[in-house]
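Dear colleague,

I am writing to hand over the structure discussed for your work. Please find the sequence and coordinates below, followed by a summary of the findings.

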Amino acid sequence: MTTPTINRPSGGDRASLPLTTPQLPPIAPALSAGLAVGVAVLAGLLLSWSVVGMAVLAWLLAMVFLPTWSLLLEGRRKAVDRLVTALVWSTFALAMLPLLSLIWQVVAKGAPALSVEFFTYSMRNVIGEGGGIYHAIVGTFLITGLATLISVPIGVLAAIYLVEYSSEGKVAKAVTFLVDVMTGIPSIVAGLFAFALFVLIFGPGIRMGFGGSIALSVLMIPIVVRATEEMLKLVPDELREASYALGVPKWRTIVKVVLPTALSGIVTGITLAIARVAGETAPLLIIAGSATSLNWNPFSERMATLPVFIFSSITEQGRYPEAQTERAWGAALVLIIIVMALNLIARLIGRVFAPKTGR
Amino acid sequence: MAKSIDISDLDIYYGDFLAVQGVNMTVKARSVTAFIGPSGCGKSTVLRSLNRMHEVIPGARVEGKVVVGGQSLYDEGVDPVAVRRQIGMVFQRPNPFPTMSIYENVLAGNRLNAKRMKKDEADSIVERSLKGANLWEEVKDRLGKPGMGLSGGQQQRLCIARAIAVEPQILLMDEPCSALDPISTSAIEDLIHELKDDYTIVIVTHNMQQAARVSEETAFFNLKATGEPGHLVEFNSTSQMFTNPDEEATEAYISGRFG
Ligand SMILES: Nc1ncnc2c1ncn2[C@@H]1O[C@H](COP(=O)(O)OP(=O)(O)OP(=O)(O)O)[C@@H](O)[C@H]1O
Ligand SMILES: [Mg+2]
């Protein structure tokens, strides 16, 4: 047997490197950005450019100023670091720009429409000013709620089958493939599917809110399956083994150990799936239709929903286009608030159910 | 209560990979048997085949016979769940249930099987098991706190408490002390000494002194060569194993000379 030899550095002839190097002041990025903006505005004013032109120029200048300054003072490695950091920040800002301006638009145009009447009245017998979206809010909650009731059991059980029981056989591969295909189904096709199904059962011209729920669950199931599958896969096998070793049968292990461990992720996934389908328009337009009055019964007659309300307010403006447009923006704001609230709830739930590690 | 284990011509596979070949031995009831051998020689694999935990891994299978108290474990119609209720196991890595408190972790074996019991009965099981695993003093004031909030060694003792809370007939321990300090280790060894009056215990260990201290009999596993399946080299009483082993290879391994 040979003992491994260790390469030792040959004594004290290594020069010790200095540990401090020159550094730009902390305000350097802000300074260069300010300088770049100043130069760009000046140049833009002189050459009478548009604001967009000035912004692009300012950005380019900032991208040159800071790294150059850094290169002169701090050396190459830090200059590259500064350049890349600046690039990352600007792409981030670019990505946020449309989102922020969208939210700004919706709030600015939608907020004036909000009033007590807006939330408590339907559009029954309303011509012109006034009226509200009560019927559409009720419809959205009923239809999405029913869709959730249908999709969650199917989706979660399918994921449990895939992860816990299938042992990656042929059936599992087929199911996974179908789920993948379903994820890509255009929502209008889901609507057509539900419509065709209900025409088959109830005859032509059928409209009901429940049909919308069916269409939405076609869209929701694959999302729920995927989210649950990922969460179940994250549960370590050691926990399952610990449970088996205590003589706990498989189904009890799944119900009492695996699902609780993955619960926060699953619930988060479900909530995000709800948020995702709550804004669907096309399928609801086909099968749930649009209505001006309140309908609490998802199993008969047309039922209004927020997205469809927005759509028809814009497309059927009639003699009072301002009122219609304002209500559309108001409904859009409410829809965004609902979706955001769902996202927040998902986070909260995730935190509440997360496995506890602290003391 | 305790039962003996008869192993004959046991071959253990992971898919097509033959991990352990041709094991024959008899583990006596009410005694401690130690498994020793170099890493990767199949100690854990053999241990897991004794309570049908091996087949939990996809593609894993076993050929041969394991007879516990006269009953063959791998006969048709034998329910692995029933087997595991009688043959408890402590794993190489601690694995408390993250969603459960310390209290619930100890009772997991009972609770997960929906066994009904009164509060004071449950309390006494928890106290007895935690005392048995030498953890009681450290956690008695925070039984409601999550089991994952304990240190690694405490978690391992929690897992031991969980395993003995269901009072199995046989206790399989896979390196239960590898994450423990000397004090906890000696507490576990004391525990093993106490338990062996009622239980049959099989313990995997890399610690020769530990094997010598706690076990009556020792099994030495080895690989013929890398890539070859592991096999049982020698199975003997511990005293003979450590003083005058039959096999040259055993002597070499125990005294620290390899190859
Ligand atoms: N899940 C698995 N899938 C495939 N092969 C495995 C699996 N677990 C273990 N093996 C293989 O089986 C052989 C025996 O492994 P085992 O875990 O039983 O060794 P061990 O003696 O317990 O080692 P250690 O002392 O390191 O715990 C090794 O070659 C290992 O690579
Ligand atoms: Mg092992």
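Which atom of ligand 1 lies 3.5 Å from a polar side-chain atom of Glu175(B)? The atom in question is an oxygen of ligand 1. Please bear in mind throughout that this is a predicted model, and that the values below are computed from it.

The surroundings of ligand 1

Two further polar approaches to the ligand may be of interest. Tyr14(B) places a polar side-chain atom 3.3 Å from a nitrogen atom of ligand 1. At Cys41(B), by contrast, a polar backbone atom is involved, and it lies 3.4 Å from an oxygen atom of the ligand. On its own, ligand 1 has 630 Å² of accessible area, of which the protein covers 65%. Two elements of chain B give two or more residues each to the shell around the ligand, namely strand S2 (17-27) and helix H1 (43-49). The largest share comes from H1(B), with 3 residues.

In total, 14 residues surround ligand 1. The closest are Ser39(B), Lys43(B), Ser44(B), Thr45(B) and His206(B). Sorted by class, the shell consists of 7 polar, 5 nonpolar and 2 charged residues.

The interface of chain A and chain B

The second topic is the contact between the two chains. Chain B contributes 31 residues to this contact and chain A contributes 21. The size of an interface is often expressed as the accessible area that is lost when the parts come together. For chain A and chain B, the buried area is about 2,300 Å², and 64% of it is on carbon and sulfur atoms.

How many salt bridges are found across the interface of chain A and chain B? There are 2. One of them joins the side chains of Glu238(A) and Arg93(B), with an N to O distance of 3.0 Å.

On the side of chain A that touches chain B, helix H9 (237-245) and helix H10 (250-278) each supply at least two residues. H9(A) gives the most, with 7 residues. By class, this side of chain A has 10 nonpolar, 6 charged and 5 polar residues.

With kind regards

Key:
Residues are numbered from 1 along each chain as its sequence is written. Chains are lettered from A and ligands numbered from 1 in the order in which they are written. This is a predicted model: local features need pLDDT of at least 70, side-chain atom pairs count only at pLDDT 80 or more; totals for chains, interfaces and linings use all residues. Side-chain values use heavy atoms; hydrogens and water are left out. Contact means heavy atoms within 4.5 Å. Buried area is the accessible area (1.4 Å probe) that two parts lose on being put together, summed over both. A salt bridge is a side-chain nitrogen of Lys or Arg within 4 Å of a carboxyl oxygen of Asp or Glu. Helices (H or I, at least four residues) and strands (E, at least two) are DSSP runs, numbered from the N terminus. Ala, Val, Leu, Ile, Met, Phe, Trp, Tyr, Cys and Pro count as nonpolar, Asp, Glu, Lys and Arg as charged, and the others, Gly among them, as polar. A residue is near a molecule or strand if one of its heavy atoms lies within 4 Å of it. A polar contact is a pair of N or O atoms within 3.5 Å; within protein, one must be able to donate a hydrogen and the other to accept it, and residues adjacent in sequence count only if both atoms are side-chain atoms. Accessible areas come from the Shrake-Rupley method with a 1.4 Å probe; for residues, only the protein chains shown count as cover.
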